Amino acid sequence: MNVYKRSVSIALTIVAVVSFGLMTSQNADSKIVTNVEADISGDALKAVVVEDFEKGSIAKSIADDGWFVKSTPKKYTNESTEKKMKRKNPVPVLDLKFLGGAPNDMQVEEWSLTDLGKQKTKILGVRFKFRYPGHNSVHILPPKEVDWKSKKPVLRYNPSTRKDEQERGIQLPGKSKALSIWVHGRGNPYRMEIWVKDYRGDTHILKIGSVNFVGWRPMKVNIPGRVPQSYESYPQTRVTKIVRFVLRSEIQRHAEELTENTYFFFDQLKVLTDTYEVNFDGSDLHDSFEKGSSGGNKKQP
């Protein structure tokens, strides 16, 4: 009798585990069911360059387009305040520049889905200095969002201003699995984060790790499955975008290390992504509304 109960219990457990596994798999990688199954392109995992820092500009204010840098605590930017409190400015130095150079070990892309990564002549550099040690951080914000394929500006409704606005962000094609970026360090005690925003508007902080090393190194971080990137309608893939890079001080280090001139340099930002999008007859019919059509209802005289 005990053997029978034990067998039934084991069987129920196996069924529950299998059912949960199938349900989890469907939620993690669900696909729209069409009349024609996908061919081998259904597994379209690619490493795609989404920023190579070869072309770009530096924004002087948060309202301008281009790369922008800010800090916590904030740097005095008002001229009158800066003159009066020059000796007390918590951030005496904060600069962002495009410079010549590249990692020797970084490969040039022969073929690129985004047409980026085919050159390596420029890098993005940041220089900063904090007057006081503590919970200091530097925030590097990308330019205003454009569609990764068409390069057209992307406008989103802002409920606070009741206007369509162009947010800052670098779009990630497909369903992203991991990110990598080349970082040049000088042995400064900082850790790096990449902030990504999903299509629902939620921001996820990806801790890429310590950048306390000397020279160039590719830094990698996985994008967790809890970041939603698909939907049960066409188009299924929903855009995820990078909204900032953060350098955060390791305050357990000696104070003098956190109050010196500090330099970091960046190059070639890549995403490992599944670029498959479901395809079916008539999937592009919606373009007729944007381009115009000779058919449709006409006004009656």
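Reader: What share of the protein's residues count as buried?

Author: This is a predicted model, to start with. Of its 301 residues, 38% count as buried.

Reader: How many helices and strands does the protein have?

Author: Three helices and 14 strands.

Reader: Among contacts between residues at least 6 apart in sequence, what percentage join residues at least 24 apart?

Author: The figure is 74%.

Reader: And the accessible surface, what does that come to?

Author: About 19200 Å² for the protein. Carbon and sulfur atoms account for 52% of that area.

Reader: Now the inside. How many residues are in the largest nonpolar core, and which have the most contacts inside it?

Author: The largest nonpolar core has 39 residues. Those with the most contacts inside it are Val126, Ile140, Leu179, Leu247 and Phe266.

Reader: Take leucine 179. What is it in contact with, leaving aside neighbours within four places in sequence?

Author: Leucine 179 is in contact with Leu172, Ile194, Val196, Leu206, Met219 and Val221, among others. The list also includes Lys220 and Lys270.

Reader: On phi, then: what is the value at phenylalanine 53?

Author: Near 60°, which is positive, in a residue other than glycine. Phenylalanine 53 is in the loop between strand S1 (45-51) and S2.

Reader: Is phenylalanine 53 buried or exposed?

Author: Buried, because its relative accessibility is 1% and the cut-off for buried is under 20%.

Reader: What about phi at lysine 151?

Author: Phi of lysine 151 is near 70°, again a positive value in a residue other than glycine. Lysine 151 lies in the loop between strand S5 (137-141) and strand S6 (156-158). Its relative accessible area is 44%, so lysine 151 is partly exposed.

Reader: Pockets next. What volume does the second largest pocket have?

Author: About 600 Å³.

Reader: How many residues line the second largest pocket, and which lie nearest its centre?

Author: The lining has 25 residues. Nearest the centre are Val50, Glu51, Lys55, Leu116 and Lys151. That last one is the lysine with the positive phi.

Reader: How does the lining of the second largest pocket split by class?

Author: Seven nonpolar, eight polar and 10 charged residues. S1 and strand S8 (170-172) each supply at least two residues of that lining.

Reader: Back to loops. Where does aspartate 147 lie?

Author: In the loop between S5 and S6. Lysine 151 is found in that loop too. Aspartate 147 has a relative accessible area of 25%, so it is partly exposed.

Reader: What does aspartate 147 touch, beyond residues up to four places away in sequence?

Author: Lys152, Val154 and Gln171.

Reader: How far is arginine 238 from leucine 172, C-alpha to C-alpha?

Author: 9.6 Å in space, at 66 residues apart in sequence. Arginine 238 is found in the loop between strand S12 (214-222) and S13. At 24% relative accessibility, arginine 238 counts as partly exposed.

Reader: Last topic, leucine 258. Where does leucine 258 lie?

Author: In the loop between strand S13 (240-249) and strand S14 (262-274). Leucine 258 is buried, because its relative accessible area is 1%.

Reader: What does leucine 258 touch, not counting residues up to four places away in sequence?

Author: Its contacts include Phe130, Pro133, Asn136, Pro189, Tyr190 and Ile251. Proline 189 is 69 residues apart from leucine 258 in sequence and 7.4 Å apart in space, C-alpha to C-alpha.

Reader: Where is proline 189 found, and is proline 189 buried or exposed?

Author: Proline 189 is in the loop between strand S9 (175-186) and strand S10 (190-197). It counts as buried, at 1% relative accessibility.

Reader: And how far is lysine 129 from leucine 258?

Author: Their C-alpha atoms are separated by 7.9 Å. Along the chain, the two are 129 residues apart.

Note on methods: Residues are numbered from 1 along each chain as its sequence is written. This is a predicted model: local features need pLDDT of at least 70, side-chain atom pairs count only at pLDDT 80 or more; totals for chains, interfaces and linings use all residues. Side-chain values use heavy atoms; hydrogens and water are left out. Helices (H or I, at least four residues) and strands (E, at least two) are DSSP runs, numbered from the N terminus. Buried means under 20% relative accessible area, exposed over 50%, partly exposed in between (1.4 Å probe, protein chains only). Contact means heavy atoms within 4.5 Å. Accessible areas come from the Shrake-Rupley method with a 1.4 Å probe; for residues, only the protein chains shown count as cover. A nonpolar core is a set of buried Ala, Val, Leu, Ile, Met, Phe, Trp, Tyr and Cys residues joined through side-chain atoms within 4.5 Å. On a 1 Å grid over the protein atoms alone, a cavity is a set of points where a 1.4 Å probe fits but cannot get out, and a pocket is an open set with protein on both sides within 12 Å along at least five of seven lines; lining residues have an atom within 4 Å of a point. Grid points are joined across faces, edges and corners, and a volume is the space filled by probe spheres set on the points. Ala, Val, Leu, Ile, Met, Phe, Trp, Tyr, Cys and Pro count as nonpolar, Asp, Glu, Lys and Arg as charged, and the others, Gly among them, as polar.
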